[in-house]
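Hi everyone, thanks for coming.

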Amino acid sequence: MKSAVFNTMWLIFVIQYGCAAYGATIMPPAAHQVDGCSLQTGDGLINLWPIGNDGGPRWPYHATVSPSADPSHYSFDPCYQFNQGNCKHSYVCRSDKHKQNDTSVGLLEGKFLFDDTSSDYMIQYIGGHQQVDKDPVITNVLLQCQSGSLQDTLEVVGNISEGHYLMTLKSHCCCPGGCSTVVTPSSNKLSFGSVLCIIFTCLVFVYFVGGMIYMKVARGAKGSEIIPNVGFWIDLPNLIMDGVTFVFSCGKTELLSTASGSYQKDTAYDRI
């Protein structure tokens with residue numbers, strides 16, 4: 001009896017949200033998609049980037065709300081493609097009840113849609129495993145605003161018809177203006193120059209700290225003598241100045257008088 005009631009509730013859930021998913025083809029005039037994970041609406045920006053996980057699905061092997069109706073497990077990330085078994089470069093992957101035999105049910109970058117009957121936004125992923133002469137596989141993810149909670153949750157309905165899958169994402173980032181700052185993958189990664197600066201800083205730190213410890217412990221140096229190659233660092237400003245002088249003088253020669261009263265040529269290079 002309990003199982004029958006639960007299945008009935010699940011069926012109502014599927015009918016209610018499934019109909020919304022199929023009818024979601026309207027986009028309000030004030031809304032436009034910024035990228036695959038953010039939508040600018042008249043009420044503010046819906047930004048899902050903070051929810052995504054670069055390096056693996058945000059929700060791996062997630063069970064459905066009714067395992068008896070759909071025993072499959074689903075892995076999902078709203079913003080970043082991931083690899084999982086045979087499911088490659090996908091946003092949504094479907095696995096069997098043993099968490100094996102992964103197949104893609106969402107390959108293409110998300111497209112935002114709007115259902116005018118429920119006034120809810122959703123994000124749609126198209127492409128994946130399908131048979132020949134069949135319609136494309138579609139996974140619709142309803143976006144439910146949770147303005148009073150910082151917890152992100154996913155409810156997976158699963159397979160509602162052949163080639164169609166449904167989920168519900170609940171988060172404050174689903175609210176317009178809930179996560180206003182867009183952090184895209186390109187802005188979230190360090191540039192090559194930044195990496196070089198970090199490596200150089202670490203090497204300088206290791207050189208001075210390691211050198212000072214060695215000079216103190218192994219050679220018993222004191223004061224400024226604990227600085228490794230202290231003579232070089234003291235002369236460095238003068239060497240730099242001589243180098244600048246050589247560059248701007250183009251190595252021109254100068255006549256210098258000697259103690260005997262004769263003159264000899266002196267170049268900027270010789271002084272360096």
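**Aromatic rings in a predicted model**

Let's start with a cluster: Trp59, Phe76, Tyr91 and Tyr125 are joined by ring pairs. Rings of Phe, Tyr and Trp (its six-membered ring) pair if their centres lie within 6.5 Å; planes under 30 degrees apart are stacked, over 60 edge-to-face, and the rest tilted.

A word on the ground rules. This is a predicted model, where local features need pLDDT of at least 70 and side-chain atom pairs count only at pLDDT 80 or more, while totals for chains, interfaces and linings use all residues. Residues are numbered from 1 along each chain as its sequence is written, and side-chain values use heavy atoms, with hydrogens and water left out.

On confidence, the mean pLDDT (the predictor's confidence in each residue, from 0 to 100) is 80 for the protein, with 75% of residues at 70 or more.

Back to the rings: the count comes to 10 aromatic pairs. Trp49 and Tyr80 are edge-to-face, because their centres are 5.5 Å apart and their planes stand at 70°. These two partners sit 31 residues apart in the chain. Trp49 is buried (under 20% relative accessible area, with exposed over 50%, partly exposed in between, 1.4 Å probe, protein chains only), at 9%. Tyr80 is buried too, at 8%.

Now for a stacked pair: Trp59 and Phe76, 6.2 Å centre to centre with 15° between the planes. Both of these residues are buried. And what lies over the face of Trp59? That's Arg58, at 4.5 Å from the ring centre; the rule asks for CZ of Arg or NZ of Lys within 6 Å of the ring centre and within 35 degrees of the ring normal.

Definitions and conventions: Helix = DSSP H or I, 4+ residues; strand = E, 2+ residues; numbered from the N terminus.
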